[in-house]
Amino acid sequence: MTDSSNKAPKHGQQTRIVHPDDNLTPGFEAFPVPVTRASTIVFPNLAAMRQLVWSDDSQWRYGLHGTPTTITLAQRIAAIEGGEHALLQPSGLSAISNVYFGFVKSGDHVLVPDNAYSPNREHADWLVADYGIEVTYYDPMIGAGIADLIKSNTKLIWVEAPGSVTMEVQDVPAIAAVARARGIVTAMDNTYSAGLAFKPFEHGVDISVQALSKYQSGGSDILMGATITVERELHMKLKRARMRLGIGVSSDDCSLVLRSLPSMTLRYAAHDRTALALAQWLKTRPEVAAVLHPAIDDCLGHEFYARDFKGGAGGLFSFVFDKRYSAQQVDAFVEALELFDIGWSWGGSHSLAMPYKIGAMRTAVKWPHEGVLVRFFVGLEDEADLRGDIERAMGKAFA
Ligand SMILES: *Cc1c(COP(=O)(O)O)cnc(C)c1O
């Protein structure tokens, strides 16, 4: 049953996800949200058509801008993070792009953490090269020191915690407080926590970005993104940019994400349990120089993770091999893994591994480790099997 009493705070996060506070098809009572496909949406008469205003979220205008299926998913995504509004984009990267086009124009300055999701950096570099926008990459551990990098034309500050590959956890509240005092918009790529373990709006962030391709999909079969806000004015800027860019999402894709959402918290906890156990075990291994898991103190910003995250770290973490192992040997290790596949994206049931040479990816801070880094996404397999696979692959590659 769906009724507004379910939103009462007496319910926990997981109950609220299973019993969302929406009911867009009165009279048709079923748990799944119907799939409503449309390009054309018809109006009863011309007067009704002429009364449409793009800024009114409650009007149905055109399939690209939303259908009952897509809007229901957007509302549920917003609710998970404690936001009021959400917009869906066809990928996590297009959600990032939507933020840039919503808030910066030529002559503006943007601050991006040095450890940001690589395609976000590439997007920023593209805006610098072709659109007259200035970008400064900053030390992710800068905290309130971000104040020194703010210029009169700074319009947007990105944060991401933990960072995509190297997992530094930023002091998000410190950065958000500085930005807010100067009237600068902050956007957080919050994909890592799925909006479950970190609540950006409780820490002063203005916009949360999610790659719904990850845990929200959970099936390695959907590409989608979201921008979530509390303030309507920010939502409207994003909505206008999204409309101008001509991007939207399919109701069929949304229905698959809607189907996966109720199990997300449980999957996240399962990924978290196995990943943390593997990370702690890797920490004891002589082959490993550092384990970059936010719950382990090798990871920069570990204390901010302990302070700000509630509900675990999920399945994504990295570790650095001892420098005596060459890049070729680490490649051989990754290829020798049988239960960890090689591939982009994560958040599904399968474990993944990817080697990275971080040095060349950084411009603001020198990367302190000499060994090669491997990022794991830990899927839903049995922990003992994954551990056995890692041990066997090390034996094979480092013999
Ligand atoms: C995957 C990912 C994205 C982009 O998502 P896509 O849907 O693949 O475009 C953005 N940010 C982070 C942190 C990601 O892991």
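Isoleucine 133 sits in the loop between helix 5 (118-131) and strand 3 (134-138). In this predicted model, is isoleucine 133 buried or exposed? With a relative accessible area of 7%, isoleucine 133 is buried, because buried here means under 20%. Setting aside residues within four places in sequence, its contacts are Val104, Lys105, Ser106, Asp108, Val110, Leu127 and Val128. Now look across the model to leucine 373: the C-alpha atoms of isoleucine 133 and leucine 373 are 32 Å apart, and 240 residues separate the two along the chain.

**Arginine 375**

Strand 12 (residues 373-377) holds arginine 375. This arginine is buried but has no salt bridge. Which side chain of opposite charge is nearest to arginine 375? That is glutamate 160, which is 7.4 Å away. What you can find instead is the backbone oxygen of serine 164, lying 3.0 Å from a polar atom of the arginine 375 side chain.

**Aromatic rings**

Let's turn to the rings. The model has 21 aromatic pairs, and here are two of them.

| Pair | Arrangement | Centre to centre | Angle between planes |
|---|---|---|---|
| Phenylalanine 198 and phenylalanine 309 | tilted | 5.0 Å | 40° |
| Tyrosine 215 and tryptophan 346 | edge-to-face | 5.3 Å | 70° |

Take the phenylalanine pair to begin with. Phenylalanine 198 belongs to the loop between strand 5 (185-189) and strand 6 (207-211), while phenylalanine 309 belongs to the loop between helix 10 (302-308) and strand 9 (316-321), so their pairing ties together parts that are 111 residues apart in sequence. Both phenylalanine 198 and phenylalanine 309 are buried.

The other pair also links distant parts of the chain, 131 residues apart. Tyrosine 215 is in the loop between strand 6 and strand 7 (225-229), and tryptophan 346 is in the loop between strand 10 (340-341) and strand 11 (351-356). Tyrosine 215 has a relative accessible area of 0% and is buried. Tryptophan 346 counts as buried too, at 9% relative accessibility.

The charged end of arginine 121 sits over the ring of tyrosine 137, at 3.8 Å from the ring centre.

Technical notes. Residues numbered from 1 in each chain as written. Predicted model: local features only at pLDDT ≥ 70, side-chain atom pairs only at ≥ 80, totals over all residues. Heavy atoms only, no water. Phe/Tyr/Trp six-rings, centres within 6.5 Å; stacked < 30°, edge-to-face > 60°. Helix = DSSP H or I, 4+ residues; strand = E, 2+ residues; numbered from the N terminus. Buried < 20%, exposed > 50% of the residue type's maximum accessible area, 1.4 Å probe, protein only. Lys NZ or Arg CZ within 6 Å of the ring centre and 35° of its normal. Lys, Arg positive; Asp, Glu negative; His and termini not counted. Salt bridge = Lys/Arg side-chain N within 4 Å of Asp/Glu carboxyl O. Polar contact = N/O pair within 3.5 Å; in protein donor to acceptor, adjacent residues only side chain to side chain. Contact = heavy atoms within 4.5 Å.
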